[in-house]
Amino acid sequence: MEFLGILWDEVFMRPMINSLTLLYDLLFDNFGLSIIVFTVLMRLLLIPLQVRQTRQTMKMQELQPRMKALQDKYKGKSREERQQLSAETMRLYREAGVNPVGCLGPLVIQMPIWIALYRAILRAVPPTPEGLANLSEAFYWWNPARAIVPLNSDFAGMDLVDFVQNAPVPLNFALPVLVGGSMWVQQKMMTPETSDPRQAQTNQIMLWMMPVMFGFFTLQFPAGLGIYILFSNLIGVAIQYFIGGRKPITIFGRQFPSQGDGQAAIEPHRTIEPYEEKTDDAKPDIRRKDRRRGHRSRSGHAGRSSRRRRNNRR
Amino acid sequence: MPPGPGRRLRPRALAREHIAIEIRSAGLSAGTIGGARRARRHRRRHRTPPETPYRTHSTAPGSSNFSRTAKPGVGARRFAVFAVVTLTLLLLAPACLNDLTPQGGWSSPVLQDGYFYVGNKDGRVARIEAQSGSFDHNWRATNLQVVSAAPSTGFLGSCGGVPRGQAIYGTPLIEDGTLYAAGYACTGNDCEGGVFAVDLATGDPVWREQVVNISTKIVGKLAMGDGTLVFGTAEVGGEDDPPGYIYAIDPVADAAVGVDPVGVRVKWRFAADGNVYSAPAISGNVAYFGTTGGSLYAVDLADSQEYLNRPEDRLLWKFEAEGAITAPPLIEDGQIYFGDFSGSFYSLNIAARSGGGLSGTALDASSEWKTEVDDWVWAQALALDGILYVSTLGGGVYAFDQASGRPLWPEPGSVEGQVVAQPSPVEHVRGPAIAVPSGKSDVYIVSLASGEIFGQLFTNAPVKSKPLVEEGFIYVHTEGGQLKSFSAGDLTERSCVNTRGGEKCE
């Protein structure tokens, strides 16, 4: 256990504390700014993960017509048919390399960061004498910030170390709402559309449950962590918007950004392939088809008509 | 090996193999495993044979029969619930950690009339008989806590709103048969400090209000100057500014019934630029104290009418150090010695400062000096025979010439762990030494001549209080709340008592 403690300290806590305090020193002794810049840096580090996640989401959306076809095929309510549908769906996911709950990936990866940051904030601006004394051990020798401790944790009318619920009105309400709202938008952008009612139900639960829970938890967090999560979500939304093909997001029936905002929404190039029943000895080669689709998409609608002809022949 | 056509397996073995295949092949392991386990449990309870697909596997792996229990919706829901529960636990768990909780255990024991008095981790002062080492349960102050009811911010405050930690950090002050002590308790970031005075003989509260409560942290020791009780605090209540105060309390006045006793008791308070964690040092009628804002203040304690409405006029002078000051200043021969968080150690001349010619960070070249140490300085320096012994949070122990600040040892001494409390002089068989408490564990006996370590008192616990040396014994209050005695000769442990319950240590 002691080894794990050392590992946790050396891998997460000390780098985080030193980063936060160094940024504090560089950014005009402003702890709020240091948390925001730290958030940006962390999100930049996590971009590869989000790109991968977005690709999964897009693959999932490409599978939807075939999913729909499967559901049409096994639309009976018998146990046998439902099992067949499940098995075929799973096979489809597997072959396409899609994890149906993969949208939780970035969330799960960020969990240790959140927990470490929670502790790092409290350790960087310790509320107890012991904490202040122990902070000297957390600093790297070269960190110039070690001479400017204790840090001033006031930012935008909040004490970033104090719980959000203790922040002045209306910040104590606004921050949880903003955290929950931004998380909802991010989740909505990352959640693939699905025609599987069960999967859709799960997605719907996650879409609402996580933001509501996080909004509630934020009351219990130090305000600094709330700021981190809020900005992390906002940056995540921006990144998702750009790597997801600048698709507009529909929120309560309205599109953001709207078509007239000067930024025309660009529909990602993809073609919808009708479901073709495969036999065991003729499994679909998703990778090959992806390549073909990509090639055809560049030549407009020619691919679609030729595919239609081929299907008719069958 | 996956089951193939014509291969017959017994139901349970078949089921196990089926599960293994699903784990390998399916994306939703949690739900799949759960489903298979349930099926197995059900069969075991009801002694029913497995369903058909478990008995006959006539198709190749990867075909539909091999994923019968894999319902993506159900599995995904289970995974979602699992993720949410895990996330909840992981995120709420840190709230119950000790980051926000005052731990205490920094109070040094005080020996008076055959009893030790020590502030414990429960926010009480314990009285322990010096001869027998037995806890005096009859002393009535044992039941008096610095905070009668810790502040509560509701369920979300901290770990279910339960007040976590009520501690006395400062060493009790004994003056004219009365014991004064102060400490604080917190719920989340809401803290409540308390100061009380009890009769030394009986333990009965001296003040009618029993405890003076102020919504702040009180860490340092109390000091008495010119009949005024003085102590430092952090910020008070929800006030944004200033971040700290020096409070002056009248230990004698008592309010009539119905009059706010705290209002009568508090004579004045002086706003500072940071938390005041250290005990003020008093010389003459002036209190000297440092702040985490990096300033050292000299404040007039006189009961003068001119200060009545303007307590800020009490400021005589102020020195700005390079880092935060939590070390109590040491006053010796008209000089003030203290260290800060920049790793600097200062000697200021009171007379030169009082003349008004010096301000800010300037030093008087003829009477003042500054030197460097390896880490933050938290402990008060010790002056012995013209030599200053300075210890740091990095475990460094230094000897400086008191007049010039020149290092006297070729290499500084070193102990393992941070040094939070002032060392005590001790006579060791190998020569004069100082007992240096380590915040990691044990007390180190360091030679005065060279900084060499003569030996250790094995406390097996962090020590953040000053060791008390008395008649051949060294008494140590550990951070864990145990009062241990050691022989100064052979450094062996002689007794140990718990300052919270009074029971002997195991």
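**Terms and their grounds**

Guide: In helix H6 of chain A, the buried residues are A:Pro129, A:Glu130, A:Gly131, A:Leu132, A:Ala133, A:Leu135 and A:Ala138. The model is a predicted one, in which local features need pLDDT of at least 70, side-chain atom pairs count only at pLDDT 80 or more, and totals for chains, interfaces and linings use all residues. Residues are numbered from 1 along each chain as its sequence is written, while chains are lettered from A and ligands numbered from 1 in the order in which they are written.

Visitor: What makes helix H6 of chain A largely enclosed by the rest of the structure?

Guide: A residue is buried if 20 or more other C-beta atoms, placed from the backbone, lie within 10 Å of its own, exposed if 12 or fewer, and partly exposed in between. Seven of the ten residues of H6(A), residues 129-138, are buried, so the helix is largely enclosed. Helices here are DSSP runs of H or I with at least four residues, strands are runs of E with at least two, and both are numbered from the N terminus.

Visitor: Why does B:Asn460 count as exposed?

Guide: B:Asn460 has 12 C-beta neighbours inside 10 Å and therefore counts as exposed. This residue lies in the loop between strands S28 (453-457) and S29 (468-470) of chain B, and its phi is near 55°, a positive value in a residue other than glycine. Most residues other than glycine have a negative phi.

Visitor: What makes B:Glu471 exposed?

Guide: B:Glu471 counts as exposed because it has 7 C-beta neighbours inside 10 Å. Its place is the loop between S29 and strand S30 (473-477) of chain B, and its phi is near 50°.

Visitor: Why are H1(A) and H2(A) called oblique to each other?

Guide: The axes of H1 (residues 2-26) and H2 (residues 31-45) of chain A come within 8 Å and cross at roughly 125°. Angles under 35 degrees count as roughly parallel, over 145 as roughly antiparallel, 65 to 115 as roughly perpendicular and the rest as oblique. H1(A) and H2(A) are therefore oblique.

Visitor: How is the peptide bond from A:Val149 to A:Pro150 described?

Guide: That bond from A:Val149 to A:Pro150 is cis, with omega near 5°. A:Pro150 belongs to the loop between H6 and strand S1 (154-155) of chain A.

How values were computed
Axes are lines fitted to C-alpha atoms, for helices over the stretch in contact, and angles run from 0 to 180 degrees between N-to-C directions.
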